[in-house]
Amino acid sequence: MIPAALTPVRLVGRACLRLLEGIGAVTIFAARALAGIAAHPGELARQLLHIGWLSLPVVGLTALFTGAALALQIHSGGERFQAGDVVPAIVAIGMARELGPVLGGLMVAARVASAIAAELGTMRVTEQIDALVTLSTDPVGWLVSPRVWAAILCLPFLVGIGDVIGIMGGWLVGVNALGFNSATYIANSWAYLEFWDVASGLVKGAAFGLIVALSGCWFGMHAGNGAAGVGRATTSAVVAASVGILAANFALTGLFFR
Amino acid sequence: MIEVRGLAKRFGDKTVLDGVDLTLGQGESLVVIGGSGTGKSVLLRCILGLERADAGSIMWNGAPIGPDFMDRFGMLFQNAALFDSLPIWRNVAFRLLRRMPRAQARQVALAKLARVGLGPEVADLYPAALSGGMRKRAGLARAIAADPQVIFFDEPTTGLDPIRAASINRLIREIVDETGASAITITHDMGSVRAIADRVALLDQGRIRWQGTVVQMDAAADSYLQDFIHGRAPQSQSGV
């Protein structure tokens, strides 16, 4: 018999054990997903199209408006201490290092993590995942690996394209509303941009791709029964992916730039 | 062929299976009946390896069920469980595509679809375009596509009108007779029982309460079985 005074300790201990159990389960799930890269190339190609190509419009539009707004903000703030000329360089560095990968990742999380969780969750509640097992097919290899690898491969490309479009958004505002000379704006953008500014954003993109697909797949594969279960899985996937991206961004930024 | 001994399964505090003993002979069609929530589907899921049993053994041809068994059975799910993202022929040929060229697998799939009464015009449709009865037939075609030695049917007539249900029952019986496969069917539809069963087992409170042929079932003295067969509420639960 455990004394009542120890109940809180017991509850904390149980919560810690559950947390460790959850981390272990997700780690094993991720390892199994990453191990299956070449198992189903046809499915991988289909997911590259769904996750990469079809996310281009939303990522492009987000980057365009973000770059444009960033140019306005930097010009407005910079003028307070006569530094309005730094707009091209700050937009380029800001897009490449932070806003391109983070906003691209968040937009893909909203679009892709929810779609993956809803699709796999529906497959779970309609017994399609059980059917895969009865057909001697590993559901992780067939459903999860192609989505995870497609997201890891696509996100850096989406981030790269988002960087270019975001810088272009800044250029459009700079030239048309802030009085910058077009050639000077472009030259200044390039002049202060370093290789690692861009490369770090692409590496972040790959990490965010893993987080997005893993969240969608994990919550989809573990969806509860019925439409409510699928709804909860979808919400959880988007929340987990979004928070995961922001937390990972902080960790990676600290790792790359401190 | 399949021998289940002392199978037990709990979910939290709830005991679902409490020592189930069951055998299935070569070419035999066994139908497991029982009320809702008595563990029929859990029994099937344990045999298929979709749930891990807490105790007991499941043997196939004298050895524990292993990976080789997975390639030798077919399964018709309650709602067919066709893959939404694949056309019907690829659903049917899913397992075949791993062991034969695509064109050959498609030909086999078309033949299996024809066997269950679906024409080639259905082959390239997606499951969402099919009615419930057609989906069930397509699911049946997938279950028999690789010429399995054992076929499992989970509530094969659920959601179908009486005519379509009778037609699915007849198909199942014909396929079992033609292929010589053994079959386990889970149902609470007495029409299915009479059309499909060589032997009937009644699952109640986690155990096999009664088993025998359809003729023996009609003559059995077990009051719960008779209530179940005739759809009568037991006196003690008449108000439920």
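Begin by selecting B:Ser131, which in this predicted model sits in the loop between α4 (102-115) and α5 (132-144) of chain B. Because B:Ser131 has 10 C-beta neighbours inside 10 Å, and 12 or fewer is the cut-off for an exposed residue, B:Ser131 counts as exposed.

Next, widen the view to residues 2-230 of chain B, a range for which an unreviewed UniProt entry lists "domain: ABC transporter". Over residues 2-230, chain B is 37% helix and 26% strand, with 30 Å between the end C-alpha atoms.

Now show chain A beside chain B, where eleven residues of chain B are in contact with nine residues of chain A. On the chain B side of this contact, eight residues are nonpolar, one is polar and two are charged.

Finally, move to chain A and select helix α8 (residues 195-221) together with helix α9 (residues 226-257), whose axes come within 8 Å and cross at roughly 155 degrees. That angle is over 145 degrees, so α8(A) is roughly antiparallel to α9(A). Viewed as a crossing, the passage of α8(A) over α9(A) is right-handed. To see the contact itself, display side chains including A:Phe208, A:Ile211 and A:Phe219 of α8(A), and A:Ala240, A:Gly244 and A:Leu252 of α9(A).

Definitions and conventions. Residues are numbered from 1 along each chain as its sequence is written. Chains are lettered from A and ligands numbered from 1 in the order in which they are written. This is a predicted model: local features need pLDDT of at least 70, side-chain atom pairs count only at pLDDT 80 or more; totals for chains, interfaces and linings use all residues. Axes are lines fitted to C-alpha atoms, for helices over the stretch in contact, and angles run from 0 to 180 degrees between N-to-C directions. Helices (H or I, at least four residues) and strands (E, at least two) are DSSP runs, numbered from the N terminus. Angles under 35 degrees count as roughly parallel, over 145 as roughly antiparallel, 65 to 115 as roughly perpendicular and the rest as oblique. A crossing is left-handed if the near helix is turned anticlockwise from the far one by less than a right angle, and right-handed if clockwise. Two residues are in contact if their C-beta atoms, placed from the backbone, lie within 7 Å. UniProt positions are given in the numbering used here, feature names are shortened, and annotations may be inferred rather than shown by experiment. Ala, Val, Leu, Ile, Met, Phe, Trp, Tyr, Cys and Pro count as nonpolar, Asp, Glu, Lys and Arg as charged, and the others, Gly among them, as polar. A residue is buried if 20 or more other C-beta atoms lie within 10 Å of its own, exposed if 12 or fewer, and partly exposed in between; C-beta atoms are placed from the backbone.
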